[in-house]
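This report covers a ligand site and a few loop residues. Please keep the sequence and the model at hand while reading.

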Amino acid sequence: MTTTTLITVAPTGAETARHEAPALPVTLDELLRTAVECAAIGASVIHVHVRDDDAAPTLDPGRLRATVEALRERTDLIVQLSTGGAVTDPEADRLAVLDAGPEMASCTMGTVNFGDDVFSNRWEFIVELHTRMQDRGIVPEYEIFDLGQLAALQRLLDRYGLPAGGHVHVDLVMGVPGGMPGTTAALVACTQAIRDLPAGTTFSATGIGRSSLPVMFAALSAGGHLRVGMEDTLSYAKGRPVESNMQLVARAVSLAQVAQRPPATPAQARELLGLAAR
Ligand code: KMH
Ligand code: ZN
């Protein structure tokens with residue numbers, strides 16, 4: 001029985017320009033401030049994309065490493081680097097993200113139309129990410145943009161074995177134009193497919209844009225965990241732009257408390273996800 005809620009903050013992403021959302025944390029200082037604030041109110045995981053000096057998305061190895069080190073020094077959050085990057089990032093650079101030494105990294109389970117773009121995740125690339133993470137003891141979060149990607153995950157685990165730590169955790173990224181819709185029905189369909197994955201598999205969910213709230217309610221009622229943040233949501237309510245990542249985390253925390261599943265501490269989150277204690 002799930003007693004706590006893992007709350008992941010995804011503060012920046014790779015798609016939104018600073019001028020579209022002035023509160024978007026794009027510098028290391030801004031990211032650290034956001035991380036400290038969100039950790040203080042209940043986030044336990046941070047899903048990280050970094051930006052360059054012009055606030056453009058980058059997978060620069062030096063910046064990634066410095067970001068991981070600074071976050072570990074300043075917070076107890078589980079640092080999960082994005083290997084998705086931006087839709088234009090080459091596979092080699094996405095694989096090299098693992099060299100920055102995060103505790104966790106994302107691993108998207110298939111190619112998906114992504115608005116007007118294509119987010120490419122070939123089978124061989126997925127296998128390479130999964131097996132490199134196994135070798136290095138990095139715990140994956142499997143990003144699921146569509147129902148069939150859960151079947152792909154089952155195939156991956158059948159052929160290549162469990163991830164580092166032995167626990168399987170997926171994140172349902174719902175409402176991307178081109179992926180599954182951010183609806184209760186779609187989330188329930190995913191929970192059925194998750195039953196075919198190894199016993200104890202956990203899931204979190206995030207709804208892009210206006211699907212944020214319906215997905216949050218559906219995930220909580222289905223025993224799932226939550227991801228929120230400005231990577232996914234820029235509108236707090238109709239006509240009200242998001243003021244900060246903390247505002248979104250605070251809302252997730254209050255809903256988790258209403259559901260009587262308070263936020264997991266980072267230590268509880270490490271235990272749940274099969275990570276070594278710090
Ligand atoms: N930026 C998207 C194309 C991930 O971080 O792993 C991919 C993404 C998924 O954000
Ligand atoms: Zn991401």
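How far does a polar side-chain atom of His47 lie from an oxygen atom of ligand 1? The distance is 3.0 Å. The model is a predicted one, and the values below are computed from it.

**The ligand site**

His47 belongs to a set of residues around ligand 1 that also holds Glu15, His49, Ser82, Gly84, Gly85, Val87, Ser106, Thr108, Phe114, Phe119 and Glu231. By class, this shell is made up of three nonpolar, seven polar and two charged residues.

| Residue | Distance to an oxygen atom of ligand 1 |
|---|---|
| His47 | 3.0 Å |
| His49 | 3.1 Å |
| Ser82 | 2.6 Å |

Ligand 1 on its own would expose 300 Å², and the protein buries 97% of that area. The space that ligand 1 takes up is the largest pocket.

Is His167 buried or exposed? His167 has a relative accessible area of 15%, and it counts as buried because this value is under the 20% cut-off. In the chain, His167 sits in the loop that runs between helix 5 (148-160) and strand 10 (169-174). The side chain of His167 makes a polar contact of 2.8 Å with the side chain of Thr202.

Where is Asp60 placed? The loop between strand 4 (57-58) and helix 2 (61-74) contains Asp60. With a relative accessible area of 33%, Asp60 is partly exposed, because the value falls between the cut-offs of 20% and 50%. Asp60 and Val50 are separated by 10 residues in sequence, and their C-alpha atoms are 8.5 Å apart in space.

Arg210 lies in the loop between strand 11 (202-207) and helix 7 (212-221). Why does Arg210 count as exposed? The relative accessibility of Arg210 is 82%, which is over the 50% cut-off, and therefore Arg210 is classed as exposed. From the C-alpha atom of Arg210 to that of Ala100 the separation is 33 Å, and the two residues are 110 residues apart along the chain.

**Summary**

In the predicted model, the protein buries 97% of the area that ligand 1 exposes when taken alone, and His47, one of the residues around the ligand, has a polar side-chain atom 3.0 Å from a ligand oxygen atom.

Conventions: Residues numbered from 1 in each chain as written. Chains lettered and ligands numbered in written order. Predicted model: local features only at pLDDT ≥ 70, side-chain atom pairs only at ≥ 80, totals over all residues. Heavy atoms only, no water. Near = heavy atom within 4 Å. Polar contact = N/O pair within 3.5 Å; in protein donor to acceptor, adjacent residues only side chain to side chain. Areas by Shrake-Rupley, 256 points an atom, 1.4 Å probe, with all protein chains shown as cover. 1 Å grid on protein atoms, 1.4 Å probe; cavity = no way out; pocket = protein on both sides within 12 Å on 5 of 7 lines; lining within 4 Å. Sits in = over half its atoms within 2 Å of the grid points. Nonpolar A, V, L, I, M, F, W, Y, C, P; charged D, E, K, R; others polar. Helix = DSSP H or I, 4+ residues; strand = E, 2+ residues; numbered from the N terminus. Buried < 20%, exposed > 50% of the residue type's maximum accessible area, 1.4 Å probe, protein only.
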